[in-house]
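Subject: Structure for you to look at

Dear colleague,

I am passing on the structure we spoke about, and below it you will find notes on what turned up in it. Please read them with the view open beside you.

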Amino acid sequence: MSRPSAARKAPKGEYIETDSGNKVWRKANISGAPNITLGGRTVIREDVHLRGDLHRLSTTKEDGSKSSSSHSISIGRCSVVAAGCVIKPPCRVSRGVLTYYPMKIGDNVFIGPNSTIQSASISSHVHIGEHCVLQPFSMVRENVKILPHTIVPANMVIPSNSVVGGRPARIIGEVGEGWGAAGGASAAGGAGTGGESWVEGGDLRELVRSIR
Amino acid sequence: MDQQASQAKRVSTSGTSSNRASTAKRSSTNVPKAPTSLDPNAIIANHAVLTGIHTISVAAGTVIHPHARIISTYSAVDIGPGCIVSEKAVIGLSDLSQDDPEGDLELPEIIKIGQNVNIESGTIVEAAEIGENTLIDVDVKLGAGSVIGKNCTISACSVVPPGETVPDYTVIYGNNQRRLNKSLQSTPVILDIKSKGHEKQLNVLQRLVPSNLAKWQ
Amino acid sequence: MAQVFPYTYYSCPCVESSSTKPNAVQSAPQEAAPFLEDEEENTFDPRSPRANFSLYPIEHLLYCTDCHQIRCPRCMVEEVVCWYCPNCLFEVPSSTVRSDGNRCTRNCYNCPICTSILSISSLEKPTEGLTPNDAASDAAKAPGGPYFLSCPFCQWSSLEIGIQFEKHFNLTSQLQKIIRGDTHRLGSVTDLASPRGEEMEGEIQGRASVASVEDTAPLPIQGDTETLFTNLYNFYRAQLSELSDANPYSLSSDYSFASPSSITRLMNLYGSGGRTKKDRPKPIREAAEFSEGQKVSNPLSEKENIDRIRSVGWEGTASVEQRLQQCREDVGFVDELRPLATLLRTKKSKRCKICRQILSRPESKVSTNRYKIKLLALNNIPKITMRSLNAQPAQHPSFPMQATAPGSDEASTLKPLVPTHFLLTITNPLFDSIKVTLATPSTTPGCVKSKVTILCPQFDVGANTDVWDEALSSATDRSSKRQSQMLSAGPDGGSLTGIQAEAGKVWERGRNWTSIVVEVAPGSLPDSIGHVTLGDDAQGDGGAALDEDEDVLEIPIFVRLEYETEAGGDDGGAAHARKEDAGKEKREEAFWAVLGVGRIAG
């Protein structure tokens, strides 16, 4: 009764829960679902656009490679994509051919509401604020905090342990050594009132569990 | 996906007045399906939304992604050939009271979008005109009645105020700073490369995004 | 960027060392009581200008297990473990860092206009092929040159300053060559010894004399910064080598004035010494000519600059930020801006300033994020979190699930003069249970006085034992505790808001955490109706306009903890495993923290 209702208590059945514990809101706009992999316990909130249909076109020569190359978005475990995000694989002309490149998002990544992601990859333990734009082929390494309303320009590489912000984004600091450490808060057991055990960049399993 | 099925259904009912009601139900708002003039070579995704009372015309080669919205409630919309309208983009005046509480703004009769314009996701386009080869990046807001020139780049999250005129080759970036794209202006090869890339993207999208023109005809 | 409420900042005790009482925090248990009274007089003021430099979120703090104290960035010594380019992630050997000017020497360049990373693109005319099939003929080869750098964000390109590259790799050397070529074209010198240099010298002197006579004379050749720098560098090197010939103690090896060789040199220069005049080296003189790197300010160039500003206008003038980012000083216009080689970043290890113990040491490889040593404050001092007791925020402040309209965030807006209850939770990361004493000034410092009462200032927090111990044992225990509390709270204990917070009682307790209630009556802002303030003497500044963020309610809170632990041992799990009474040691710790609760509504 006194559990932290950090997430709005939604009427039952607003999301579809998969076998591996992914929670996908029914109102999410997902196209090309076969090309999308969710790692398990990952949350896709309402109004999220996942453009799995924008995948690499198989070359006409060999059909065997088709199944492997049509992969477009993969999101790891315990990641949360908040409402209104657009996740869209990037494309560019390479050797005369325009190709969509698969996008990879790691574990325990939080993507704030209304962000647009066109990165090549986002590593684990990344916290992205609301209204961010990650332009095509940007790469976010591990343990990064992206402040709200940031625009990460195309092709930018954000090194590990940095805090970025601004338009265009620049590295404005480093996350502390304690980034993602819960500091004695229990990772299992869900400690009731005191135990909001998830922190930015930390293990988001409890946050995912609290979303219902 | 039930696209084939729904497409078949749409084809069978297209052009009849009964179509209108079902569309309204589908898009879960009570705005009517817009009268359209669509080129047979345009790609309009099944989940795109075209509503309003004025004519929406879409020229050849243009790709309208799923969940893009084109609203012609207050003015007609004319999208030129070879444009890309991404998901979550809104073209057309949606809510007048928000932009124009006094009602003294001169509303465009038609929203005219030129050739090869790329309109990215999350944009709100209320502009009267967008010139050819212009890129409108993610989450940009073009105010009512603004005029955007040719070969412009409006970078992500920029805002063009209502009624503003943006000259050709302008770049709006960062916190609405502006500069002139001298390299594009002085080196036509870059423009060639860019339009080639755009053409290639259109080509790929035509293969990736299934079209459901019949739904809107 | 707006601060997310609520937040907790910890004050590092090192701030005290600069104040009058250096040992205030390291008090023994018996001194505790007087110490607290003592502190009453100078409580920590989060608004003092100095406070900014000692307040940190806990994840930025480390903990020295030898000194048993928090260590903040101010009381740590940093050592660079490795240098790397943030863009290409190439690890740069320390030997070349200085000569490269701390910048990446591969292909990483930042836009001089907007600082985003530049990408290299081809200027080759595109082929007519459209589909993969058509393009198959040239699919094997990458687009050919020439190449140029372009900014994907603001669309600046190196073509604007007339720079093209032949190859798409090794940009730095190409760029250097281009710039050199430019300077040669401008007619300056890089080589001192060349006859061209001599000729130039004469030319400049001649021009200078002409310039003083007539305004229409062409500009004296100034050369650009690179040339000047090279000249000056060569000049000083020549001087230094002269000096080192004369002096056995070479100066070129170390520049520090504290070094023995410098002292000897100075002694030789100024001291009487037993040395003959012959041995005395010629003192270093300053550059006096252009060929030596001297730069003379030129009134004509000013005039030219003004004319240029007139013609290019505001858009053509570089902003201060853009000019500061350039490595040259005489850049004033947009078309003089050059791409900036990306600045390197470092991985650093940190030591305690006092005992030199290593507090954190990352692995030296750029690609890993692991640490060899990491002594986090998070694992050694209790974590303090705060949240409103009654009003549940719609969403977690740092994990918003839905977009919030600006100003709609009621949870962190406080109504003036309405007492609000907050739940303060102390989580114990230690393997021993701790006794916590909290203290706070009854009214917050600053011109908006808010009344703060900690309902239960003294309590225990359980040890951070194995998670599964609790899961197995206290599942029923906790609920019964909760039950009894609800019963004691009154008949309507069923609803959360109905439970009255009781003075002196802990609100809720878990395995290694305890929650207590803090009552806050926010003061009213001076401009609001009634001019009522809870503080005693706030009317003095009642009329004054509020400073920025003066309406933010921040509660300074003094946290003192006592616990018993294995003597001499560290706080690791091993010590916890063999628990014996014999080797117990009483330990105490104290620090200030600041709780940011929210903004007071006007």
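Which kind of interaction do the side chains of C:Lys303 and C:Asp307 form, and at what N to O distance? Before I answer, please keep in mind that this is a predicted model. The side chains of C:Lys303 and C:Asp307 meet in a salt bridge, with 3.9 Å from N to O. Both residues belong to helix H9 of chain C, which covers residues 299-312, and because they are four residues apart in that helix, about one helical turn separates them. C:Lys303 is partly exposed at a relative accessible area of 48%, and C:Asp307 is likewise partly exposed, at 38%.

That pair is one of 25 salt bridges counted over all chains. Another joins the side chains of B:Glu164 and B:Arg178 at 3.1 Å, N to O.

In chain A, A:Asp53 forms a salt bridge with A:Arg51, and their closest N and O atoms are 2.9 Å apart. A:Asp53 is buried, its relative accessible area being 10%, and A:Arg51 is buried as well, at 1%. These two residues also take part in a network of salt bridges that links A:Arg51, A:Asp53 and A:Lys88 with B:Glu87 and B:Glu120.

Turning to the sheets, chain A has an open sheet of nine strands with mixed pairing, in the order E1-E2-E5-E8-E13-E16-E19-E22-E23. Its edge strands, each of which pairs on one side only, are E1 (15-17) and E23 (170-174). Within this order, strand E19 (residues 145-146) and strand E22 (residues 162-165) of chain A pair in the parallel sense over two bridges, and A:Lys145 stands opposite A:Val163 in E22 of chain A.

Chain B has an open sheet of six strands, ordered E3-E6-E9-E12-E15-E18, and the pairing there is parallel. Strand E3 (49-52) and strand E18 (159-160) of chain B form the edges, each pairing on one side only. Two bridges join strand E9 (residues 90-91) of chain B to strand E12 (residues 124-125) of chain B, and the bridge partner of B:Val90 in E12 is B:Ile124.

For chain B as a whole, the secondary structure comes to five helices and 21 strands, and 54% of its 217 residues count as buried. Chain B exposes about 8800 Å², of which carbon and sulfur atoms supply 51%.

Is C:Ile600 buried or exposed? C:Ile600 is buried, because its relative accessible area is 3%, where buried means under 20%. Leaving aside neighbours within four places in sequence, C:Ile600 is in contact with several residues, among them C:Leu414, C:Pro416, C:Val448, C:Pro522 and C:Leu553. The C-alpha atoms of C:Ile600 and C:Leu417, which are 183 residues apart along the chain, are separated by 9.6 Å.

Methods. Residues are numbered from 1 along each chain as its sequence is written. Chains are lettered from A and ligands numbered from 1 in the order in which they are written. This is a predicted model: local features need pLDDT of at least 70, side-chain atom pairs count only at pLDDT 80 or more; totals for chains, interfaces and linings use all residues. Side-chain values use heavy atoms; hydrogens and water are left out. Two strands pair if DSSP finds at least two bridges between them. Buried means under 20% relative accessible area, exposed over 50%, partly exposed in between (1.4 Å probe, protein chains only). Contact means heavy atoms within 4.5 Å. Accessible areas come from the Shrake-Rupley method with a 1.4 Å probe; for residues, only the protein chains shown count as cover. A salt bridge is a side-chain nitrogen of Lys or Arg within 4 Å of a carboxyl oxygen of Asp or Glu.
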